[in-house]
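Please read the following report alongside the sequence and the three-dimensional model.

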Amino acid sequence: MFGFSMSKEQKMVSKEVAKLVKGLVIDSAHEMDESGTIPADAVQKAWGLGASVSMVPEAYGGYGMEDSPVDTTIILEELAYGDMAFAVAALSPSLFINPLVTMGTEDQQKTYLPLYCKETFSACTLALNEPHFGADVMALKTTAKKSGDAYVLSGAKCFVPMADTAGHMLVAASLDGQNNLFIVARDNPGLTVSDREKNLGCYALPTFEVTLTDCTVPASDRLGGEAGCDYARFIQKTRVAMAAMAAGIARASYEFAKGYAKERVQFGEPIAHRQSIAFMLAEMAYEVDSIRLMAQRAASELAAGKDVARSSYLAKLYAGEMAMKVTDFGVQVMGGHGYIREYPVERYYRNARGISILEGMAIV
């Protein structure tokens, strides 16, 4: 149920994730961004939270808990508050596991879930975005064709997180004009993973272009079997997740800028006393709340089984625009210091740009 205050359990979840982020991410995010790497032990500790396997049946290595999109938005916001790259990397297995639990056949769950629902982090991922001008995840150019008892996939994907180490990935492709998801092993001879991409933001997150050339997969590996999956619902869940991460990035920028404005003294007083700065901070504060509320409203509707095509789209659209506004204000509040890489606001600004551009980097 959606409300304006968190339950006791949600407060506990938020507190635990915030504690982990403070200890693992806040102080090391700049170093991770500069080095382009995320320490394996940090990802393992985030994996220990159990967010990716919480709703996986116990028989397959999960906790058998009820699916809770609202709880996941809370987790995603806190992780992205520390660093968006870390949030995506730590929860990237959810991009594979979540659809299998909610839309996979019993045989698919039995075959693949135990491979990744272990105590140790094992990478699996999603190949969704495409490297075409005007690419649209609802109008895929990657195709699938039925060939006997198999499907043959052809096309290209980009911004695929952790593709170099993922054992399996879900690949989105159009089959007879209908969008579907297919389970593909990274060692499939028809799948090629390119060199690591060089992106504007999320320097620490390894993403790759994936090429499918007559990539043959068994018919049994079409998610949901011959009936297929609810692809539209899947996209809606990823859009809510992107909005939740935007709330975390925007909140981080706002809180850092606010702290700086209170401490930075010019002409005998903190710059926070200046009307121009105070007004920017006020706008940042209410936009952070607005992003969060739109994400959590859509998540609540998901939990209730409602159609969230409109609310999920609006949440991501608004989050993409306002995260850029808030992080831009963060840079402005800090003046020249905002342009220096040693301060995190420029990283928040770069990462926020990805919210509107990227699809399917997280899921609730």
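The paragraphs below describe selected features of this model.

The model is predicted, so local features need pLDDT of at least 70 and side-chain atom pairs count only at pLDDT 80 or more, while totals for chains, interfaces and linings use all residues. Residues are numbered from 1 along each chain as its sequence is written, and side-chain values use heavy atoms, with hydrogens and water left out.

**The largest pocket**

Rolling a probe the size of a water molecule over the atoms shows where empty space is left. A pocket is here an open set of points on a 1 Å grid over the protein atoms alone, where a 1.4 Å probe fits, with protein on both sides within 12 Å along at least five of seven lines, and its lining residues have an atom within 4 Å of a point. The volume of the largest pocket is about 680 Å³, a volume being the space filled by probe spheres set on the points, which are joined across faces, edges and corners. Its lining consists of 31 residues, and Ser54, Ser68, Asp71, Thr72 and Ile75 lie nearest the centre. Two or more lining residues come from each of α1 (8-26), α4 (69-82), α6 (94-103), α8 (231-263) and α9 (275-303), where helices (H or I, at least four residues) and strands (E, at least two) are DSSP runs numbered from the N terminus. Helix α1 gives the most to this lining, with five residues. By class, the lining of the largest pocket holds 17 nonpolar, seven polar and seven charged residues; Ala, Val, Leu, Ile, Met, Phe, Trp, Tyr, Cys and Pro count as nonpolar, Asp, Glu, Lys and Arg as charged, and the others, Gly among them, as polar.

**Nonpolar cores**

In soluble globular proteins, nonpolar side chains tend to be buried together. A nonpolar core is a set of buried Ala, Val, Leu, Ile, Met, Phe, Trp, Tyr and Cys residues joined through side-chain atoms within 4.5 Å, and buried means under 20% relative accessible area, exposed over 50% and partly exposed in between (1.4 Å probe, protein chains only). The largest such core has 108 residues, and those with the most contacts inside it are Leu79, Phe86, Ile97, Leu181, Tyr231 and Met245. Helix α8 supplies the largest share of this core, 18 residues. Apart from this core lies another one, of 19 residues, including Ala144, Val171, Phe182 and Val217. Within the contact rule (heavy atoms within 4.5 Å), Phe86 touches Leu20, Val25, Ile38, Ala42, Val43, Ala46 and Leu79, when residues up to four places away in sequence are not counted.

**Aromatic pairs**

Rings of Phe, Tyr and Trp (its six-membered ring) pair if their centres lie within 6.5 Å, and planes under 30 degrees apart count as stacked, over 60 as edge-to-face and the rest as tilted.

| Pair | Geometry | Centre to centre | Angle between planes |
|---|---|---|---|
| Phe96 and Tyr112 | edge-to-face | 6.3 Å | 85° |
| Tyr231 and Phe234 | tilted | 6.1 Å | 45° |

Because Phe96 lies in helix α6 and Tyr112 in helix α7 (residues 106-116), their pair ties together parts that are 16 residues apart in sequence. Both Phe96 and Tyr112 are buried, and together with Tyr116 they form one aromatic cluster. Tyr231 and Phe234, by contrast, are three residues apart in helix α8 and thus separated by about one helical turn; both Tyr231 and Phe234 are buried.

**Single residues**

Phe159, in strand β3 (residues 150-161), has a phi of about 55° and counts as partly exposed at 24% relative accessibility. Asp214, in strand β7 (residues 207-218), has a phi of about 50° and is exposed, with a relative accessible area of 53%. Arg251 lies in helix α8 and counts as buried at 13% relative accessibility; leaving aside neighbours within four places in sequence, Arg251 is in contact with Glu77, Glu78, Tyr81, Val288 and Arg292. Arg274, placed in the loop between β9 (269-270) and α9, is partly exposed, with a relative accessible area of 28%, and, with neighbours within four places in sequence left aside, Arg274 is in contact with Gln266, Phe267 and Glu269.
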